Amino acid sequence: MGVILLPPQRSAIEIECVVDTGFEGFLTLPPSVIADLGLPYLININANLANNSSMETDIHLATIVWNGVERNVTVLAMGRRPLIGTALLEDYHLSIDF
């Protein structure tokens, strides 16, 4: 699923993400992508992972276009592939065909 990011002082960019229904946040991006896009830093937290462990990670702020509307969302700097979490899907219908 594509998400359009509006990085500071750059043109819009679409990033393909995987929907992760076990992730309760908005979005994760690899740290290298966050650095390349120059997303503003907010805070460092301990994030709980699916395997019940925790890891320290930075949270950044991103402006995205979601369903035609600009929104500011928090982005966790972690992983190797971008993930969409359930906070971004709230009030939307998700249907999956297997």
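# A tour by selection

Keep in mind throughout that the model is predicted.

**Stop 1: the nonpolar patch**

Which strand gives the patch its largest share? Strand S5, residues 41–48, does, with three residues.

**Stop 2: histidine 60**

Next, select histidine 60, which is found in strand S6. Is histidine 60 buried or exposed? Histidine 60 has a relative accessible area of 10%, so it counts as buried, the limit for that label being under 20%.

Show the residues around histidine 60. Leaving aside residues up to four places away in sequence, histidine 60 touches Ile34, Leu39, Pro40, Tyr41, Leu42, Val73, Thr74, Val75 and Ala77.

**Stop 3: an aromatic pair**

How many aromatic pairs are there? The count comes to one. Select tryptophan 66 and tyrosine 92 to see this pair, which is edge-to-face, with 6.0 Å from centre to centre and 85 degrees between the planes. Tryptophan 66 lies in strand S6 (residues 54–66), while tyrosine 92 lies in the segment after helix H2 (86–89), so the pair ties together parts that are 26 residues apart in sequence.

Colour the two residues by accessibility. Tryptophan 66 counts as buried because its relative accessibility is 8%. Tyrosine 92 is partly exposed, with a relative accessible area of 39%.

**Stop 4**

Most residues other than glycine have a negative phi.

Start with asparagine 67, in the loop between S6 and strand S7 (69–77). Phi of asparagine 67 is positive, near 55 degrees, although the residue is not glycine. At 60% relative accessibility, asparagine 67 counts as exposed.

Then go to glutamine 9. Where does glutamine 9 lie? Glutamine 9 sits in the loop between strand S1 (2–5) and strand S2 (13–16). Its phi is also positive, at about 55 degrees, and glutamine 9 is not a glycine. With a relative accessible area of 82%, glutamine 9 is exposed.

Terms used:
Residues numbered from 1 in each chain as written. Predicted model: local features only at pLDDT ≥ 70, side-chain atom pairs only at ≥ 80, totals over all residues. Heavy atoms only, no water. Helix = DSSP H or I, 4+ residues; strand = E, 2+ residues; numbered from the N terminus. Phe/Tyr/Trp six-rings, centres within 6.5 Å; stacked < 30°, edge-to-face > 60°. Buried < 20%, exposed > 50% of the residue type's maximum accessible area, 1.4 Å probe, protein only. Contact = heavy atoms within 4.5 Å.
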